[in-house]
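Dear colleague,

Please find below the structure that I am handing over to you. My findings follow it, beginning with the parts that call for caution.

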Amino acid sequence: MDETISKVVPIKKGGRLTYLIGTVVAVAVMFVLLLPSIRIIDEGTIGVVRRFGQAIDIIQPGLHFAFWITHDVVRLDGRVQSLDITFAAHTNDAQPINGGITVHYQVITADAVNIISEFGNMMNLYNRLLPVFLSEAQNVLATKSAMELVENRAILAMEIQNRLGEIAPQYRIIINHVVLEQLLFSTAFDIAVEARMVAEQEMMMAELERERAIIQAEQYLEVERLRNQAIIDQAISDAQALEIMQEAWGELGLEVREAMLRQMFFETWDGVLPQVLTDGNLSIIMDGLGN
């Protein structure tokens, strides 16, 4: 009888390992391919998606997916930006001037796609705005005289801000605020301004002294007027009193008037006898009395 020998062929362990390795490699490849496609947009930032270099959409802050081979994301800072500008210019009366301004601006987020299409990124936009803002600031300064800049410096920044605000829409931005950092004139002009200020202060002091003298004179005249008025009022009062007394005296009898005169004489007499006594046409000279 033939003896049948059966053989069991085991599964090779190497095949299972190769499968596992292949799976891991495939997952790793997929992870490597997909990981760069995960995009995180921070708060305050606007993301602009570009497909093969063309800006097509805006994505808001958060987690997003954009396949890295076909798409990329350019970030725009939606917060207020600052642009510092130093300038050298001339006023309309040919005075040289140096200074600096700080422009606070913000991109219009709704126009983010157009910003990326026209400028590419924030840095390119910044570099484009710098010469434009400088030129416009110089143009505003060129319309002013040196003394106008000195006297109206407070409104100069507002005029520059208004001018920049007119052209800002061309660059898809808004102007928030313009700060005038400094204005430096030539030494000769500074000396002239100082001399003018001293002269104006002296004129002001002279005007104050004149006004003070006028006030003092007016006060003196008012005092004199009141004093004269008081004298007039007193004279009127005395005259009225005298008139009343005369009327009352006329109404008194002769004997009463004589008695009152005698009383008044004795109240006012100082005890010295007169040197001359008269009685009608008779005059008596009193000589030697009291010797």
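This is a predicted model: local features need pLDDT of at least 70, side-chain atom pairs count only at pLDDT 80 or more; totals for chains, interfaces and linings use all residues.

**Confidence at the chain ends**

Over residues 284-291, pLDDT stays under 50, and the model has nine contacts beyond four places in sequence for this stretch.

For the protein chain, the mean pLDDT is 78, with 74% of residues at 70 or more. Among its elements, helix 2 (residues 112-119) has the highest confidence, at 92, whereas strand 10 (residues 282-285) has the lowest, at a mean of 49.

**Overall composition**

The protein chain contains seven helices and 10 strands. It has 291 residues, of which 23% count as buried. Of the contacts in the protein chain with a separation of 6 or more, 64% are between residues 24 or more positions apart.

**Strands 6, 7 and 8**

Strand 7 pairs with two strands that I would bring to your attention. Strand 6 (residues 81-90) and strand 7 (residues 96-107) run antiparallel and are joined by 10 bridges. Within this pairing, Gly-100 of strand 7 stands opposite Thr-86. The hairpin of strand 6 and strand 7 has five residues between the strands, and Ala-94 in this hairpin takes a positive phi near 65°.

Strand 7 also pairs with strand 8 (residues 173-185), again in the antiparallel sense, over 11 bridges. Here Val-103 has Val-178 in strand 8 as its bridge partner.

Where in the chain is Ser-37 found? Ser-37 belongs to the loop between helix 1 (13-34) and strand 1 (38-41). Ser-37 counts as buried because its relative accessibility is 0%, against a cut-off of under 20%.

Which residues does Ser-37 touch, leaving aside those up to four places away in sequence? They are His-64, Phe-65, Ala-66, Phe-67 and Trp-68. For Phe-67, the C-alpha atom is separated from that of Ser-37 by 4.6 Å, although the two residues are 30 residues apart along the chain. For Trp-68, the backbone nitrogen lies 2.9 Å from a polar atom of the Ser-37 side chain.

Yours sincerely

Terms used: Residues are numbered from 1 along each chain as its sequence is written. Side-chain values use heavy atoms; hydrogens and water are left out. Helices (H or I, at least four residues) and strands (E, at least two) are DSSP runs, numbered from the N terminus. Buried means under 20% relative accessible area, exposed over 50%, partly exposed in between (1.4 Å probe, protein chains only). Contact means heavy atoms within 4.5 Å. A polar contact is a pair of N or O atoms within 3.5 Å; within protein, one must be able to donate a hydrogen and the other to accept it, and residues adjacent in sequence count only if both atoms are side-chain atoms. Two strands pair if DSSP finds at least two bridges between them. pLDDT is the predictor's confidence in each residue, from 0 to 100.
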